[in-house]
Amino acid sequence: MLSRVANSLYWMSRYIERAENIARMVDVNIQLLLDFRQVNDEHMETHWLPIVQATDDRVLFQSLYERADSQSVCEFLTFSADNPSSLVACVSLARENARMVRDQITIEFWEEINRVYLFLNSARAREMWQSSAPEFYYELKSLSLQIQGLADATIPHTEGWLFMQAGKYLERADKTSRILDIRHHTLPARGIPDAAFGAREALEWAAVLRSCSAWDAYRQLHGADIGPRRVAHLLLLNEDFPRSVEFCLVQLDQALRRISSVQPGRFSNEAERLSGRLAAELQFSGIDEIFERGLHDYIDLLQQRLNQIGEALFETYIAHLFEPAGQEIQQQQ
Amino acid sequence: MLRESYQTEGFFDEAIADGDARQHYRAFLEQFESLSATEFEHKRQAVDLSFLRQGITFNVYGDSQGTERIFPFDLVPRIIPAAEWAHIEAGLVQRITALNLFLHDIYHEQRILKENVIPPFYVLSARHFRREFANFPVPKEIYIHICGTDLIRGADGRYMVLEDNGRCPSGVSYVLENRRAMKRAFPRLFEKIGVRPVDDYPAELLKMLRYIAPQSVVDPTVVLLTPGAYNSAYFEHTYLARQMGIQIVEGRDLVVKEQRVFMRTTKGLQPVNVIYRRIDDDFLDPTVFRKDSALGVPGLIGAYRAGNVSLANSIGTGLADDKVMYHFVPRIIKFYLDQEPILEQVPTYLASEESDRKYILEHLPELVVKAANESGGYGMLMGPKATKEEIEKFRELIEADPRNYIAQPVISLSRHPTFCDGDGFEGRHIDLRPFVLYGEKISIVPGGLTRVALKKGSLIVNSSQGGGSKDTWVLYGEE
């Protein structure tokens, strides 16, 4: 497969996953606000700023808007043309990458991704957003899930699809960890958190779960009793929940090894080495040791390591695309 | 509903003659007119939406929103009966055969110049003549592998060649997609009327590309070279690559080492044997042609010269596209094939011939003036519709560089019933671009792209100038 094509498939898949996560996160937090009795300006800031922080765009946001409230944050994360990771921007980039590899993806897949793009850029999208934001985000989430379903159901599970898998799981691991980090300021910097805390915190941690589509999975495991330790365990270390960081890393590692046909437990390049090591570490970690080290610090480091895997993947498969063919040019001249 | 208020207004109309349907349109019109206006509108919207969804769009340049538009598609198909098509086909085969012999001769012995059938000056001064490729043996001696020849019909209904496009003609994806759209919108029409299919074009194209591969290669790797996603024909490039099951590459995906071409893949460098290039000669290799080309591949021409990679079309075919050369095609056919041209062409005045130039300059308001090497409706003067300033501008251009200009009488193109928003069905001018493939044998997909000038009275069918397209039906029989 062409390196350029692999690169586009990988990024297309990352942007689709990113868009879906933004849609879910914004939606859940708009609804969460409805459950609070009093919402003053200060409240608004502490509610919304961590969410902007979760997309890593706090500086940009503060340069564009005076205050963090529902209107400004939702605008910034959904439609803003100035925000390169807004929902609209992610969908445009996903489609742009898809356009570069139209010969590699199926017509069904392309039409769906194009439909989302056309919808987001239509007047109807804005109208829907203003009249009923939940309906708008619901629409987007279901479109994104349809796209991912089509990828699995219509594209042959060969190299190109594996690059899409790698992109999807790397992005998902990153986003799950960021969403989990949103409410870290309610926790002690180090140490295992108390089991008992207020109703407000319970709602906030439930929102974290919902933002990761993890609400039902959590209740099946632990009932309605919400606590940060169990939430973190589910989102970081659960081996069966498809949005947990561990699950994503195991899938990522498998995809990488299928691309190079390397046996389990071995590696043939840096990306495989890093992903294999991180997957194994997660598989053999306990949640209490993570809290003892401090959840926020742990997640910080985790994100750095995810970035390193992405960089190594680029070095291994893509980077030579940008090396000039110096020798032949000189021969010709 | 179509025929009720339809007026041919004295033009040659493809479908209607003397107030009644021509024989080969009868079966279609009977079915088509049983649709209610609402049903028709439904189908029209469904087809437009499906084009938009599939991204069969082009970018509107100069629009900062990057708006994408679909190519307007008209649901009334153009129909060609079997015998008429047989005549066109024979004419096109004759023409591409002669043009290919001409190019071979020009790049080798130059007999046609030595015998002064064509004044050598015209060939040697042609912008796309590549003297560097004299005596270069192109694979299988084929120069123009893919040709999109534009045909028109004048007031008497006879087919005429308007121009030959022997470099990178585009539009064939619309032939295939238009048919798909029509089949979905009117499945029953196709059951009743015998329409020849067009779907095997990609297979024929791939067969041709494999045929021209370097001799020593057993199972050649064929790629399509595109200028990239921002090119207006990018949809077509991905479409054809996907249909053929070959890789679509950009210049940066390819690298030349020791005069061999490779593509950069996730498994390292993989050899490439045949390139269907959708990039003009000038941009192919910055070390040979335009130095500023970022689209090409450094060293590609070296590999081509060494016989390690084949290109379609060959380099230097632009010579045959020169509108001055067009004037000489009847002589070319006579010289190489000793035949009379089967398809007529439009009388052409050459501005560099003294007497012709005098005539052109005296009759500018009646003539169409064209630059010899422009396409897409650019570099053109439509005399009868031009302002005084435009005419004076062209007078200066012609006097300054007569070699680069030709003039032709205005041909009133045939018209075809076309749905016009707000006005119902009206006659609009059309042309036809069939696609000819020259490989082991010459094959032509039945029909081609019918382009229609949607603006009332306009004779310019180019998509960049407000043109649309129609499905083109070649019938198995006469009705």
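The legends below describe close-up views of a predicted model. Local features require pLDDT of at least 70 and side-chain atom pairs count only at pLDDT 80 or more, whereas totals for chains, interfaces and linings use all residues. Residues are numbered from 1 along each chain as its sequence is written.

**View 1. The interface of chain A and chain B.** Chain A contributes 32 residues and chain B 35 residues to the contact (heavy atoms within 4.5 Å). About 3,100 Å² is buried between the two chains, with carbon and sulfur atoms giving 49% (accessible area, 1.4 Å probe, lost on being put together and summed over both parts).

**View 2. A salt bridge between A:Arg4 and B:Glu250.** Their side chains meet at 3.4 Å, N to O. Three salt bridges are counted between chain A and chain B (a side-chain nitrogen of Lys or Arg within 4 Å of a carboxyl oxygen of Asp or Glu). Among the elements of chain A that each supply at least two residues of the side touching chain B are α1 (3–34) and α6 (107–120); the largest share, seven residues, comes from α6(A).

**View 3. An open, antiparallel sheet of three strands in chain B.** The strand order is β6-β23-β24 (strands are DSSP E runs of at least two residues, paired if DSSP finds at least two bridges between them). β6 (146–148) and β24 (442–444) of chain B each have a single partner strand, so one side of each lacks a neighbour in the sheet. Three bridges join β6(B) to β23(B), residues 435–438, and B:Ile146 has B:Leu437 as its bridge partner in β23(B).

Methods
Chains lettered and ligands numbered in written order. Heavy atoms only, no water. Helix = DSSP H or I, 4+ residues; strand = E, 2+ residues; numbered from the N terminus.
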